[in-house]
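This report describes the fold of one protein chain and then turns to selected residues.

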Amino acid sequence: MPVTDPTLLKIVENRVLDKLICRKCGARNPPGATKCRRCKSRNLRPKKKKIGVKK
Ligand SMILES: [Zn+2]
């Protein structure tokens with residue numbers, strides 16, 4: 001589902017970026033998760049934005 005509204009896009013981006021992605025199966029896990037909910041792998045990485053990161 002494509003999002004075109006810039007304001008909405010920002011909100012969606014923040015939500016998406018606040019997830020952990022499994023390196024093994026690519027499943028999205030809730031922030032704070034230590035194991036993948038699908039494959040139980042611990043190989044999770046935070047999905048971060050490359051530009052415009054606030055400090
Ligand atoms: Zn996984």
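The account below moves from the whole chain to its sheet and then to a loop.

The model is predicted; local features require pLDDT of at least 70, side-chain atom pairs count only at pLDDT 80 or more, and totals for chains, interfaces and linings use all residues. Numbering of residues starts from 1 along each chain as its sequence is written.

**Overall architecture**

One helix and three strands make up the secondary structure of the protein chain, where helices (H or I, at least four residues) and strands (E, at least two) are DSSP runs numbered from the N terminus. Along the sequence, these elements follow the pattern α-β-β-β. The protein chain has 55 residues, of which 5% count as buried. A residue is buried if 20 or more other C-beta atoms lie within 10 Å of its own, exposed if 12 or fewer, and partly exposed in between, with C-beta atoms placed from the backbone. Of the contacts between residues at least 6 apart in sequence, 20% join residues at least 24 apart; a contact requires that the two C-beta atoms, placed from the backbone, lie within 7 Å.

**The sheet**

The three strands form an open sheet in the order β2-β1-β3, with antiparallel pairing. Because β2 and β3 stand at the edges with a single partner strand each, one side of each is left without a neighbour in the sheet. Strands pair if DSSP finds at least two bridges between them. Strand β1 (residues 20–22) is joined to β2 by two bridges, and these strands run antiparallel. In this pairing, L20 stands opposite N29 of β2. In general, strands of a sheet pair through backbone hydrogen bonds, either parallel or antiparallel.

**The loop between β2 and β3**

K35 lies in the loop between β2 (28–29) and β3 (44–46). K40 has its place in the loop between β2 and β3, and G32 is likewise found in the loop between β2 and β3. Their surroundings are listed here.

| Residue | Other C-beta atoms within 10 Å | Class |
|---|---|---|
| K35 | 14 C-beta atoms | partly exposed |
| K40 | 10 C-beta atoms | exposed |

Leaving aside residues up to four places away in sequence, K35 touches K40, S41 and R42. The C-alpha atoms of K35 and C22 are separated by 8.5 Å, with the two residues 13 apart along the chain. For G32 and D18, which are 14 residues apart in sequence, the C-alpha to C-alpha distance is 9.4 Å. K40 has a phi near 65°, a positive value in a residue other than glycine.
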